[in-house]
Amino acid sequence: MGRPKNFEPDAAVAQAMETFWTKGYAGTSPADLAEATGIGKGSLYHAFGSKRELFGKALDLYGRAGSEMTEAFLNEPGTAKERIRAYLVLLVETDLSLPAPRGCLAANTALELGGKDPEATESVRRMTNETIRLFAERLRRGQRDGDVAKAVDAEAQAHFLMNTVVGLRVMTQTHDRDVLHRIIDSAVAGF
């Protein structure tokens with residue numbers, strides 16, 4: 001009979017996610033993961049299989065948490081433009097509040113592994129498609145409520161907004177707040 005687990009797997013995945021987010025996939029060593037989770041390397045690999053499998057679980061967690069936060073934020077009271085602008089500002093301000101902005105784990109993964117790792121590429125695609133769906137849904141609701149013009153192509157605008165999110169998350173690492181807020185204002189001016 002094996003030893004009982006003395007750690008919470010969900011907490012370990014969350015701690016691993018933070019490490020991958022900060023250091024990237026290649027930059028994260030097994031020792032980094034053991035230190036971040038407080039779990040020995042052997043136990044960590046016994047529980048999760050491999051660094052790559054743990055990374056997949058971390059990406060899944062990031063996607064679920066991001067989707068839930070995005071949906072809740074976009075569904076708060078206000079017009080589509082107000083909610084989407086506030087959401088973009090939240091992302092920028094969150095990144096800028098960190099001592100070293102790290103951007104978006106999905107965007108970072110796309111830059112590091114996109115096209116090279118089919119599973120990571122598909123995971124990022126699922127995350128971005130979910131955000132696009134949520135943006136399009138909020139824009140369509142705005143059209144029904146009368147605060148988004150009927151002529152706006154909600155799907156195309158949602159894709160543009162997703163592109164803006166990715167760009168903003170990368171640019172928080174190199175640009176100041178004023179520039180980023182001007183980009184946000186330009187992005188929401190189209191609807």
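1. Phe 20 and Phe 55 are both buried. Buried here means under 20% relative accessible area, exposed over 50%, and partly exposed in between, with a 1.4 Å probe and protein chains only. The model is a predicted one: local features need pLDDT of at least 70, side-chain atom pairs count only at pLDDT 80 or more, and totals for chains, interfaces and linings use all residues. Numbering runs from 1 along each chain as its sequence is written, and side-chain values use heavy atoms, with hydrogens and water left out.

2. Overall make-up. The protein has nine helices and zero strands. From the N terminus on, its elements read α-α-α-α-α-α-α-α-α. Helices (H or I, at least four residues) and strands (E, at least two) are DSSP runs, numbered from the N terminus. The C-alpha trace spans about 65 × 35 × 30 Å along its principal axes. Of the 191 residues, 42% are buried. Among contacts with a separation of 6 or more, 65% come from residues 24 or more positions apart. Contact means heavy atoms within 4.5 Å.

3. Aromatic pairs. How many aromatic pairs does the structure hold? There are six. Rings of Phe, Tyr and Trp (its six-membered ring) pair if their centres lie within 6.5 Å; planes under 30 degrees apart count as stacked, over 60 as edge-to-face and the rest as tilted. Phe 20 and Phe 55 make an edge-to-face pair, 4.8 Å centre to centre with 75° between the planes. This pair links distant parts of the chain: Phe 20 sits in helix 1 (residues 9–23) and Phe 55 in helix 4 (residues 51–74), 35 residues apart.

4. The second ring on Phe 55. The ring centres of Tyr 25 and Phe 55 are 4.8 Å apart and the planes meet at 50°, so this pair is tilted. Here too distant parts of the chain are linked: Tyr 25 is in the loop between helix 1 and helix 2 (30–37), Phe 55 is in helix 4, and 30 residues separate them. Tyr 25 is buried, at 18% relative accessible area. Phe 55 is buried as well, at 1%. Ring pairs join Phe 20, Tyr 25 and Phe 55 into a cluster.

5. Helix 7 against helix 8. The axes of helix 7 (residues 118–145) and helix 8 (residues 154–171) come within 8 Å and cross at roughly 130°. Axes are lines fitted to C-alpha atoms, for helices over the stretch in contact, and angles run from 0 to 180 degrees between N-to-C directions. The two helices are therefore oblique to each other. Angles under 35 degrees count as roughly parallel, over 145 as roughly antiparallel, 65 to 115 as roughly perpendicular and the rest as oblique. The crossing of helix 7 and helix 8 is right-handed. A crossing is left-handed if the near helix is turned anticlockwise from the far one by less than a right angle, and right-handed if clockwise. Helix 7 contributes residues including Thr 128, Ile 132, Phe 135 and Leu 139; helix 8 contributes, among others, Ala 158, Leu 161, Met 162 and Val 165. By class, the contact of helix 7 with helix 8 has nine nonpolar, five polar and two charged residues. Ala, Val, Leu, Ile, Met, Phe, Trp, Tyr, Cys and Pro count as nonpolar, Asp, Glu, Lys and Arg as charged, and the others, Gly among them, as polar.

6. Helix 3 against helix 4. Helix 3 (residues 41–48) and helix 4 have axes that come within 9 Å and cross at roughly 65°. Their crossing is left-handed. Leu 44, Tyr 45 and Phe 48 of helix 3 meet Lys 51, Glu 53, Leu 54 and Lys 57 of helix 4. That contact holds four nonpolar, no polar and three charged residues.

7. Helix 6 and Met 127. In helix 6 (residues 105–113), the buried residues are Leu 105, Ala 106, Ala 107, Thr 109 and Leu 113. Their cover includes helix 1, helix 4, helix 7 and helix 8. Met 127 belongs to helix 7. Met 127 counts as buried, at 13% relative accessibility. Leaving out residues up to four places away in sequence, Met 127 touches Leu 59, Tyr 62, Gly 63 and Ala 106. Just after helix 6, Gly 115 has a positive phi of about 80°.
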